[in-house]
Amino acid sequence: MRIHTKAVHVGDRRKPGRHIPVTTPIHTAASFFYESMEQLDRVFGHEEPGFSYSRYENPSASALEELIAALESGHGALACASGMAAIHMAVVTALADRRKSVVAANALYGATVSLLMNVLEPAGVAVRFVDVCDLDALRDAVVQTRPGCILTETISNPLLRVGQIDCIAGIARDAGAALVVDNTFASPLIVRPLELGASFTVHSVTKYLAGHGDVLGGVVVSDEPHFESLRTLSRAIGPVLGPFECYLTMRGVKTFVLRMEKQCANACRVASWLAAHPKVERVYFPADPAHPDAATIRRLFPANLYGAIVSFELKDAGRPEVFRFMDALNLIVRATSLGDVHSMMLYPVMSSHRELAPKHRERMGIRDSLVRLSVGIEAPEDIIDDLDQALAG
Ligand SMILES: Cc1ncc(COP(=O)(O)O)c(C=O)c1O
């Protein structure tokens, strides 16, 4: 071989030896080589396990998918390039052989509302928003619109409402609709929607599952009846997560339970402290006995795990006061995400719900005085000290 050829071929396509790596390697190959065309044909035809092309399946992605499907008690999973790609895939799969109509919770992440109104509605999907915590209102909307899909979040963003997923799943089942649940805020440590009758659970793995602020990714976990269709559509659409992000996410998931338990405990302390602060108008946190969904939370959540997001309104504050308060934070990171090891604060009006018209935000109860705190794994005293000094200013 000439040097030009050596540079391209030497060292590649070595057979795995007798060694087995203890963690899954980053498989960057776009396609996979077999000793014979016969064998490749069998792999393409699913008669023999294997990988052919990374848009179809990739070993790094497949390992992550097996892991998250196990955490969520699903039949199978699809790792996607972002949480939004995962929500899109779940809804498109849910509607594949059903009426092109969605009943969606009226409290959802802003980009999910945008996906429904700016992508799916113009493509001919009817969308109706309803308070899914009001089961009678949900039933009425389902009878009126006969949806192919119901879409909700386990803990809503950012006001932390909690619907009765098992009852919502029953309503979906009776109507022949698929239930898609965004479980990003709760995580499978707290709620596993597929165990409660949902057809799909989706995550932004960017958040608690990866957990370190260095991955953008998503995952759809599905029940058995929808899995083949999810895979088929994924092959055509190509929303897949790259192998390096799959590796980082798997690495993150190994400590996810430990992080989440600590974050939940920290959030309880921070929420109680905030509730007693004179400059705080109102705290939204699922452990609050006066939470509008307290009975549901008691029924569906394990003891002492309420998630790690605390939203709160500052007293007599508008945008300038909120900006001043957030600019004064020293430890808590002002940034748009949640679920990382470090505490983070976001201003929903400016970021997660920016795309929505002010009137729409108002109807959702998202005011100019509202901030959303994602509590990290730091010492809770340090998080509280930082809030204290920022509120004092
Ligand atoms: C509840 C929820 N779902 C989905 C998403 C979208 O995830 P991603 O940013 O990974 O696309 C977010 C992002 O903040 C979110 O908060």
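1. Lys 262, Asn 266, Arg 269, Val 270, Trp 273 and Leu 274 of helix 11 are in contact (heavy atoms within 4.5 Å) with Pro 380, Glu 381, Ile 383, Ile 384, Leu 387, Asp 388 and Leu 391 of helix 15. Sorted by class, this contact of helix 11 with helix 15 holds eight nonpolar, one polar and four charged residues, where Ala, Val, Leu, Ile, Met, Phe, Trp, Tyr, Cys and Pro count as nonpolar, Asp, Glu, Lys and Arg as charged, and the others, Gly among them, as polar.

2. This is a predicted model, in which local features need pLDDT of at least 70 and side-chain atom pairs count only at pLDDT 80 or more, while totals for chains, interfaces and linings use all residues. Residues are numbered from 1 along each chain as its sequence is written, and side-chain values use heavy atoms, with hydrogens and water left out.

3. Helix 11 (residues 256-275) and helix 15 (residues 380-392) pack at an angle of about 35 degrees, their axes being 10 Å apart; the axes are lines fitted to C-alpha atoms over the stretch in contact, and angles run from 0 to 180 degrees between N-to-C directions. Helices here are DSSP runs (H or I, at least four residues), strands are E runs of at least two, and both are numbered from the N terminus.

4. The ligand is surrounded by 15 residues (a heavy atom within 4 Å), and the closest are Gly 83, Asp 182, Ser 204, Thr 206 and Lys 207. Helix 4 (residues 83-95) gives the largest share of this shell, three residues.

5. Polar contacts (N or O atoms within 3.5 Å) to oxygen atoms of the ligand come from a polar backbone atom of Gly 83 at 2.9 Å, from a backbone N or O atom of Met 84 at 2.9 Å, and from a polar side-chain atom of Asn 157 at 3.2 Å.

6. The peptide bond from Asn 157 to Pro 158 is cis, with omega near 5 degrees, and Pro 158 sits in the loop between strand 4 (149-153) and helix 7 (165-175).

Notes:
A polar contact is a pair of N or O atoms within 3.5 Å; within protein, one must be able to donate a hydrogen and the other to accept it, and residues adjacent in sequence count only if both atoms are side-chain atoms.
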